[in-house]
Every structure is written in structure tokens, then in C-alpha cells.
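Please keep the sequence and the model in view while reading.

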Amino acid sequence: MKAAQMTSYGAPDVLRINDVDRPAPDVGEVLVSVEASSVNGHDVIVRAGELKMVSGRRFPIGAGLDFAGVVVESGADVGGYRAGDRVWGMVHPRQRHTIAGAAEYVVVPADRIAPAPAGISPVDAASLVVAGATALIALRDSVHLAGGERVLVRGAAGGVGTAAVQLAHALGGHVTALARDRDAQLLTDLGADEVLDYGSTTSDQIGPFDVIVDTVGSELHCYRSRLAKGGRMVTVGLSAGALAAIAASSVYGSRRIRTFSANPDSAVLRDLADHVTSSALRPVVHSVYPLADIAAAHEAFERGGVVGKHVVAVSA
């Protein structure tokens with residue numbers, strides 16, 4: 001079988017498509033035939049070597065955090081899945097994987113998958129796993145968005161941003177999207193009540209907001225100051241500067257800047273599928289690359305400036 005792997009840390013050209021042995025499921029695990037995987041910020045950070053404390057220095061390292069595909073085989077003590085079931089899921093973000101989501105087959109614990117939502121393609125499903133789960137956890141579990149609250153989604157045109165706009169709308173929020181002006185119509189269609197051009201709108205010109213969801217990771221202290229009394233802010237755009245701002249914000253109590261690493265279990269993935277089935281959440285895919293061109297997909301992700309997700313099609 002073929003798998004995307006990193007042969008060292010560095011630029012996208014360290015990614016290789018290697019021939020490897022097909023893994024076999026152990027107790028409590030499921031073997032999935034992967035049809036699609038998406039490119040996420042976590043994938044790029046790992047590839048660049050910024051998580052060496054977790055991923056280590058032994059190569060090769062598997063690429064791809066999430067996947068959508070079909071169950072092939074289950075190990076002992078796994079119930080609820082049969083060969084042919086369509087599922088989606090992700091490998092553990094804080095573990096080293098020789099074979100990960102961007103491969104023809106992947107083995108994961110059964111509690112890291114769930115039935116994929118019916119009626120959407122594997123490419124569309126893969127585009128929503130990490131982005132959708134991140135947005136759902138941020139809004140529902142981190143900042144506890146309530147109906148009628150004013151929500152700012154910063155970086156609203158990206159993968160997590162487009163999901164956050166939709167889910168914030170579905171949860172009853174009044175949604176302000178901060179993005180490029182050229183993306184205003186799409187974001188309005190996704191549920192934004194207003195769209196502000198980030199190129200001409202500064203933080204001191206907007207707000208106050210009850211909830212801020214940040215996907216950018218810069219100027220966090222400026223946006224935190226736009227919180228209303230009792231407001232909450234969460235960021236998923238991590239950097240050294242962002243971590244410093246998060247630590248410094250702890251003195252503000254409930255109005256501190258929160259963060260987390262999305263690591264959804266089956267329950268979160270099932271809840272996410274319900275939002276897709278109810279049409280509250282739909283995929284936004286910018287481009288699709290074959291597995292052989294995963295390096296180009298990483299390059300496109302790093303260039304930025306797109307709406308939605310880059311997806312790697314593993315099988316036709």
C-alpha cells in the first residue's frame with residue numbers, strides 16, 4: 001500500500017509517497033480503507049518540526065491527521081462496525097504515527113471514528129473532520145455560546161472559520177465574520193449576519209462581542225479587549241506569540257484567552273455528523289489533490305488566501 005510520509009522535518013518537499021506494509025488492527029482497533037484526508041495546520045506544524053517533543057526524531061513519520069473511508073476489518077473487542085461501513089475520524093494528534101491519515105489504509109482505535117454523515121462524498125467528509133470538530137468544541141465546549149450572543153469569527157474564510165460561522169449561526173449566535181471583502185457573499189450564505197473586511201477593519205473599530213473565535217493567532221490582546229463584560233475568547237491559531245498572549249491573559253479570569261487542541265472522540269464526531277445531516281454544516285472545499293501531490297497541497301495551505309479546505313483524494 002502507499003502512504004504519505006515525512007523523511008525528515010522541513011519544507012513540503014520532505015513528503016514522500018512510500019510503499020509500506022498494510023497495517024493490521026489490534027484489540028480495540030479498526031482498519032479503514034482511506035478515501036480522502038485533508039490538510040490541517042497541525043499537519044504543517046508537525047512536518048516543519050515544530051512538535052518534535054511529540055513526534056520525535058525517528059523517521060519516517062506518517063502525514064495526515066484526519067480521514068474519511070470504509071471499514072475493512074475490526075480487531076477483537078470492537079462492536080458496532082462492519083466491513084463496508086463508511087466512517088470518518090482522525091489519528092491521535094499527540095502521538096507519533098508511521099502511517100497516518102494520508103495513506104491507503106490506516107489503523108485507529110475504534111473510539112476515534114464514527115459513522116460518516118450520509119449523502120456527502122468522502123472528499124467533503126474529510127474536509128469537515130478536524131475543521132468541524134475544532135469549531136464545534138470551541139463554540140460549544142470552550143466558550144459555551146448561547147443563543148442571541150454576539151460572535152466574532154476571525155479568519156472566517158479558512159477551514160475552521162467557515163465551519164465556525166455555520167455552527168455559530170446554528171447555535172443561535174449573531175455572527176460577524178472577519179475576512180476578505182471578496183468572500184463576503186459566501187460567508188453570508190453560510191450564516192454570517194455581517195462580514196467585515198480584515199484589510200480595512202481594525203480591532204478598535206468593532207465590538208463589543210460576547211464570544212470571539214480566533215483562527216489567526218496574532219494581535220490576540222487587541223481582540224481580547226473587544227470582549228463585552230462576561231465575554232469569552234478562544235484561539236486555535238497557535239504560535240509562540242499566541243502562547244505568550246494566552247498566558248498573559250490569565251489575569252482576566254473569564255475574559256481570558258482560551259485555547260485547546262482538537263482531539264475529538266466518537267461522541268463529538270457523531271454530534272458533528274448530526275449537524276451535517278441537519279444541513280446546519282456543509283463542506284467548503286477549495287481544492288482537491290491526488291495523494292501523489294500531497295506536497296503541493298501543503299504548499300497551497302502555507303500560501304493561504306483561500307476559502308475552505310485543501311483535500312487529498314487517496315482513492316477514486
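Contact, as the word is used here, means heavy atoms within 4.5 Å. The model is a predicted one, in which local features need pLDDT of at least 70 and side-chain atom pairs count only at pLDDT 80 or more, while totals for chains, interfaces and linings use all residues. Residues are numbered from 1 along each chain as its sequence is written, and side-chain values use heavy atoms, with hydrogens and water left out. Helices (H or I, at least four residues) and strands (E, at least two) are DSSP runs, numbered from the N terminus.

**Helix α9 and its cover**

- Helix α9 spans residues 294–303, and its buried residues are Ile294, Ala295, Ala297, His298 and Ala300; buried means under 20% relative accessible area, exposed over 50%, and partly exposed in between (1.4 Å probe, protein chains only).
- The cover over the buried residues of α9 includes the strands β1 (2–6), β2 (15–19), β15 (285–290) and β16 (309–313), together with α1 (41–48).
- Gly304 follows α9 and has a positive phi, near 70°.

**Nonpolar cores**

- A nonpolar core is a set of buried Ala, Val, Leu, Ile, Met, Phe, Trp, Tyr and Cys residues joined through side-chain atoms within 4.5 Å.
- The largest nonpolar core has 84 residues, of which Trp88, Val165 and Leu187 touch the most other members.
- Helix α3 (residues 122–142) contributes the most to this core, namely 13 residues.
- Another core, of 13 residues, lies apart from it and has among its members Leu178, Tyr223, Ala242 and Ala245.

**Helices α3 and α8**

- The axes of α3 and helix α8 (residues 266–277) come within 10 Å and cross at roughly 100°; axes are lines fitted to C-alpha atoms, for helices over the stretch in contact, and angles run from 0 to 180 degrees between N-to-C directions.
- α3 is therefore roughly perpendicular to α8, given that 65 to 115 degrees counts as roughly perpendicular, under 35 as roughly parallel, over 145 as roughly antiparallel and the rest as oblique.

**The parallel sheet**

- An open sheet of 6 strands has the order β11-β10-β9-β12-β13-β14, with parallel pairing; two strands pair if DSSP finds at least two bridges between them.
- β11 (194–197) and β14 (257–259) stand at the edges with a single partner strand each, so one side of each has no neighbour in the sheet.
- On average, neighbouring strands of this sheet are turned by 20° against each other, direction ignored.
- Strand β9 (residues 150–154) runs parallel to strand β12 (residues 209–214) and is joined to it by 4 bridges; Leu152 has Ile212 in β12 as its bridge partner.

**Strand β6 and its partners**

- Strand β6 (residues 86–90) is largely enclosed by the rest of the structure, because 4 of its 5 residues are buried.
- Strand β5 (residues 66–74) runs antiparallel to β6, with 5 bridges between them, and Ala68 stands opposite Trp88 in β6.
- Strand β8 (residues 113–115) is also antiparallel to β6, through 3 bridges, and Gly89 has Ile113 in β8 as its bridge partner.

**Ser38**

- Ser38 belongs to strand β3 (residues 29–38) and counts as buried because its relative accessibility is 2%.
- The side chain of Ser38 makes polar contacts with the side chains of Asn40 (3.2 Å) and Lys309 (3.3 Å).
- A polar contact is a pair of N or O atoms within 3.5 Å; within protein, one must be able to donate a hydrogen and the other to accept it, and residues adjacent in sequence count only if both atoms are side-chain atoms.
- Beyond its neighbours within four places in sequence, Ser38 is in contact with residues including Asp43, Asp66, Ser127 and His310.
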